[in-house]
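Dear colleague,

Please find the structure below, handed over for your use. A summary of the findings follows it.

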Amino acid sequence: MSTPYPFTAVVGQSDLRLALLLNAVSPAVGGVLVRGEKGTAKSTAVRALSALLPQVDVVPACRFSCAPAAPDPACPDGPHEAGPGDARAARMVELPVGASEDRLVGALDIERALSEGVKAFEPGLLADAHRGILYVDEVNLLHDHLVDVLLDAAAMGASYVEREGVSVRHAARFLLVGTMNPEEGELRPQLLDRFGLTVEVAASRVPAERVEVVRRRLAYEDDPAGFATRWAGDEAEVRAGVVAARALLPQVRLGDNALLMIAAVCAGFEVDGMRADIVMARTACALAAWAGRTAVLKEDVRQAALLALPHRRRRAPFDAPGLDEAKLDELLDGFDDDEPEPDPEPQPDREPDPEPGPEGPEDPDGGPDGDGGGPGGGVPPQGGGPQDAPEPAEAPEEPRPAEAPADSPDPAKPSAQGADGPEQAAVRASAPFRTRVLSVPGLGEGAAGRRSRARTAHGRTTGSQRPRGHLTKLHLAATVHAAAPHQKARGRAGRGLVIRKDDLRQATREGREGNLVLFLVDASGSMAARQRMSAVKGAVLSLLLDAYQRRDKVGLITFRGTSAELALPPTSSVDAAAARLERLPTGGRTPLAAGLLKAHEVLRIERLRDPSRRPLLVVVTDGRATAAGGAAGEGDPRELSARGARLLAAGGTASVVVDCESGPVRLGLAGALAAELGGPSVTLDGLRADSLAGLVKDVRTATTPAPHTTRRAA
């Protein structure tokens, strides 16, 4: 077994370390979501946390980690008799992003259940994580059906496994810790709210801190065991601090004044529901216990708000989580601390100086602390927490310029003169709206989502088939029908059926899949006429919001001047696409053919990477073609554009054209392009769901589908 990196050897990231330690003190806080760019010690710190947790007593031979003092009466391995337990370290169980539902919740042997009446259950990761840590790396990439299972288990503290009337229940209370890179997509709001605390982390920009990170990492890789030994004293001290804080926690008093502060802060930031108030109260108590106090102070409430509210405050779509600290201080200014009670015996420091040199705590040349992990947190305000060096003062916030109207250019961005005509500054998008639903025709087999019809693990049952591999969803009627003709030959004597493995039938189900929605946006000079680009950006922004809700991947191609550019490669981060769209300037000629060829190339590569995810091409243009573009070759721009459209249609790409032409006289060029692509054309107004009474219309292709599309629709 490999030696984990010591928790106390992590450089900086004081917010991250504090949030993890508070959950170690009080698991009722509800877990931590760690957001940040890659390479910022997110996973390293989380994996090191388990070594700081106290040991747990478990019933001997119980696969579900029941506590000897209070065993679960419904434990599948029970009933358990009273007696001494076995002490073991708290587990940290990692949930892979690609895990199956049976791996998470456990598996039932359906064949034995039907033929012998035995509940043969193999525990899953939820059972392993009971009374420990469940860690999900890249939690934002987790499949929706696994997210639903996690939500249920986190809410009820138990896991239920049901297969055609056979049911198993076991306790599943765990500390949920997730890490994610926001560039790869955001979390569903339901799962986001289940995390008690959230922390933003970022790599330090201080050279001395970066040097210290590299120095310690190299020392660890050269001799993991020796490096861990040098930090063993620090680890033991923090572990003892966690045990002492846990023992002190029941004595912490949360007074009425502290409760009023919590309520005022949550109401002031307009958070939804009451979970934020409860999490803040638990976090403030844990902070007081960690500091060795029995009274909750204003500084505890402030720190709790910085950790518990950034991901819960009400915000507009595509806004990043965060908290206005000036507003927080304003909300707390009217409150004073309760009269503190005498503290118990002074507690030892919970964590030693985390910044000694690479050779261990005795090295006097340790680097300064890091940046604390982002704007939403802070160092522990209590004297007993980790001792970090003072952080550099923040630069004063620059005044925000007055917003220009939605159809006006950004005054902060001057216009530029391009080679093919004047380039106009980026304009702001108009307000987003609810769009009509566009879906890919046929039946796919892609990742679970909410857009197009597909064969999925969840949904309505449409038939049965012989299982390919492990049976997951039994079709009971089809299984009985397959076994019935053979009962006499198998010597059936009683009331029960004699079932063989060949009789089992897997239920086939139909649900919805997520697609790759590739936006091809015309950014030429003609789109700037009549302030059209503001409305166009608003429409694309609305479609991006729809793609986020339907769990799609998105990509963005723009074309203007003489070429097309892949502004955003296909990604799950709809936020990144919205940011690129907001900065999009306009100007120059219209190389429509180059844009279509660029889309064909991007989709060709994506089919190789992810052949099961079907694409939907959304072309946003007025249909004009005034330049061929370098990739399209020489010739008439309109004919080259028609060739590019026919090439996409021949490949089976489902397309829709959003016609941006406006005014009393219209040329209908976008409609002609849609005909070549084999898909429909909709106007900007027609894209609104309310304009069509919620009509749902499939995107149809006029040409024969490609082979991979035919297989899905079969």
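The notes below cover strands, salt bridges, cysteines and a surface patch.

This is a predicted model, in which local features need pLDDT of at least 70 and side-chain atom pairs count only at pLDDT 80 or more, while totals for chains, interfaces and linings use all residues. Residues are numbered from 1 along each chain as its sequence is written, and side-chain values use heavy atoms, with hydrogens and water left out.

Strands

An open sheet is formed by 5 strands in the order 4-7-10-1-11, with parallel pairing. Strands here are DSSP runs (E, at least two residues) and helices likewise (H or I, at least four), numbered from the N terminus; two strands pair if DSSP finds at least two bridges between them. Strand 4 (92–94) and strand 11 (197–201) stand at the edges with a single partner strand each, so one side of each has no neighbour in the sheet. Strand 1 (residues 32–36) runs parallel to strand 11 and is joined to it by 5 bridges; Gly-36 stands opposite Val-201 in strand 11.

Elsewhere, strand 19 (residues 553–560) and strand 20 (residues 563–571) run antiparallel, joined by 6 bridges. They form a hairpin with 2 residues between them, and Gly-561 in the turn has a positive phi of about 70 degrees.

Salt bridges

The whole structure contains 29 salt bridges (a side-chain nitrogen of Lys or Arg within 4 Å of a carboxyl oxygen of Asp or Glu). In one of them, Arg-451 pairs with Asp-552, the closest N and O atoms being 2.6 Å apart. Arg-451 lies in strand 15 and Asp-552 in the loop between helix 16 (532–549) and strand 19, so the pair ties together parts 101 residues apart in sequence. Both Arg-451 and Asp-552 are buried (under 20% relative accessible area; exposed is over 50%, partly exposed in between; 1.4 Å probe, protein chains only). A network of salt bridges links Arg-451, Asp-546, Arg-550 and Asp-552.

Cysteines

The structure holds 0 disulfides (pairs of cysteine sulfur atoms within 2.5 Å). For Cys-66, the closest cysteine sulfur is in Cys-75, 3.6 Å away and therefore too far for a bond.

Surface patch

Val-213, Val-214 and Leu-218 make a nonpolar surface patch of about 250 Å². Patches are made of residues with over 30% relative accessible area and no salt bridge, like charges being joined within 9 Å and nonpolar side chains (Val, Leu, Ile, Met, Phe, Trp, Tyr) within 5 Å; accessible areas come from the Shrake-Rupley method with a 1.4 Å probe, and for residues only the protein chains shown count as cover. Val-213 is found in helix 8 (residues 207–222).

With kind regards
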